[in-house]
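I am opening a new page for this structure. My plan is to look up one thing at a time and write down what I find.

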Amino acid sequence: MRNIFILRHCEYDDRSGPGPNFDCHLSDEGTAHALTIGAKMLQNNIQPDLIYCSGAKRTRETLSALLQTIDAPKIIYSDDIYGCMPGELLELIQGSAETYKNIMILGHNPAMHGIVQILGQNSEAKYLKDIAYYYGAGTLCHFSCNTALWSEANPANCTITALHT
């Protein structure tokens, strides 16, 4: 059994100043939400042993808030997560080292919403309804994957077991 956690960055301040959206930082509300998500992770014994995190400022700030509550795992920062497609996230998961059992991806919509819809398509109706049209800032989706190898993770063996907002 393996676990995948998909977390969209928390709310950011789009008034962060001139420059690319890549450099926007979390709003005060976003920082507070990230701390709450970290507390929920601790409460629900969610401890990734590998986190792939977009290099964008708001994702790094979301992760920083989480790390105030959970133990720091192996972290791989990748600018490629910013603006990627859901299929690229699936490839990232499937290419992960087998030594890791609990992987988190911290990134951006529309890719985060897309990968949740792809992997979650065989999940319970209550979860499908919740992810059908919207995947809000700071949403954390937990997948249980009935596979021994990351290369075999796919919609047929991954199901949503929890959504945290």
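This is a predicted model: local features need pLDDT of at least 70, side-chain atom pairs count only at pLDDT 80 or more; totals for chains, interfaces and linings use all residues.

I looked up the strand order. The open sheet has 6 strands, in the order β3-β2-β4-β1-β5-β6. Its pairing is mixed. I then asked which strands are at the edges. They are β3 and β6, each of which pairs on one side only. On average it is 20°.

**Entry: strand β2**

I went on to β2, which covers residues 50-54. How many of its residues are buried? I found 5 of 5, so I wrote the strand down as mostly covered. Next I sorted the residues by direction. Leu50, Tyr52 and Ser54 point one way. Ile51 and Cys53 point the other way. Both sets are buried. I recalled a general rule here: side chains of a regular strand alternate between the two faces of the sheet.

**Entry: the partners of β2**

I looked up the pairing with β3, residues 74-78. The two strands run in the parallel sense, over 5 bridges. Ser54 stands opposite Ser78 of β3. The path goes through helix α2, residues 57-66. This β-α-β crossover is right-handed.

Then I turned to β4. It runs parallel to β2, and 4 bridges join the two. I wrote down two facing residues in β4. Tyr52 has Ile105 as its bridge partner. Cys53 has Leu106 opposite.

**Entry: helix α2**

I listed the buried residues of α2. They are Arg58, Thr59, Thr62, Leu63, Ala65 and Leu66. I checked what they pack against. The list is β1, α1 (28-43), β2, β3 and β4.

**Entry: helix α4**

The buried ones are Ala111, Met112, His113, Gly114, Ile115, Val116 and Leu119. I looked up their packing partners too. Among them are β1 (2-8), α3 (86-94) and β4. Others included in the list are α5 (125-131), β5 (140-145) and β6 (158-164).

**Entry: Gly55**

I picked out Gly55, in the loop between β2 and α2. Buried or exposed? Its relative accessibility is 9%, so it counts as buried. I left aside neighbours within four places in sequence and read off the contacts of Gly55. They are Phe22, Arg60, Ser78 and Asp79. I also took one distance. The C-alpha atoms of Gly55 and Ile4 are separated by 20 Å, and these residues are 51 apart along the chain.

**Entry: Asn102**

I moved to Asn102, in strand β4 (residues 102-107). Its relative accessible area is 19%. The cut-off for buried is under 20%, so Asn102 is buried. I skipped residues up to four places away in sequence. Asn102 then touches Asn3, Phe5, Gln47, Pro48, Asp49, Leu50 and Trp150. Leu50 belongs to the residues of β2 already noted.

**Entry: the cysteines**

How many disulfides are there in the whole structure? My search gave 1. Cys145 and Cys158 form it, with sulfur atoms 2.4 Å apart. The torsion about their S-S bond is about 110°, so I logged the disulfide as right-handed. Cys145 lies in β5 and Cys158 in β6, so the pair ties together parts 13 residues apart in sequence. Cys145 is buried, at a relative accessible area of 0%. Cys158 is buried as well, at 0%.

Cys24 is in no disulfide. The nearest cysteine sulfur to it is that of Cys10, 15 Å away. Cys24 counts as buried, at 6% relative accessibility. Cys53 is in no disulfide either. For Cys53 the nearest cysteine sulfur is again that of Cys10, at 11 Å. Cys53 counts as buried, at 0% relative accessibility.

Terms used. Residues are numbered from 1 along each chain as its sequence is written. Side-chain values use heavy atoms; hydrogens and water are left out. Buried means under 20% relative accessible area, exposed over 50%, partly exposed in between (1.4 Å probe, protein chains only). Contact means heavy atoms within 4.5 Å. Two strands pair if DSSP finds at least two bridges between them. A crossover is right-handed if, with the strands pointing away from the viewer, the path from the first strand over the helix to the second runs clockwise. Axes are lines fitted to C-alpha atoms, for helices over the stretch in contact, and angles run from 0 to 180 degrees between N-to-C directions. A disulfide is a pair of cysteine sulfur atoms within 2.5 Å.
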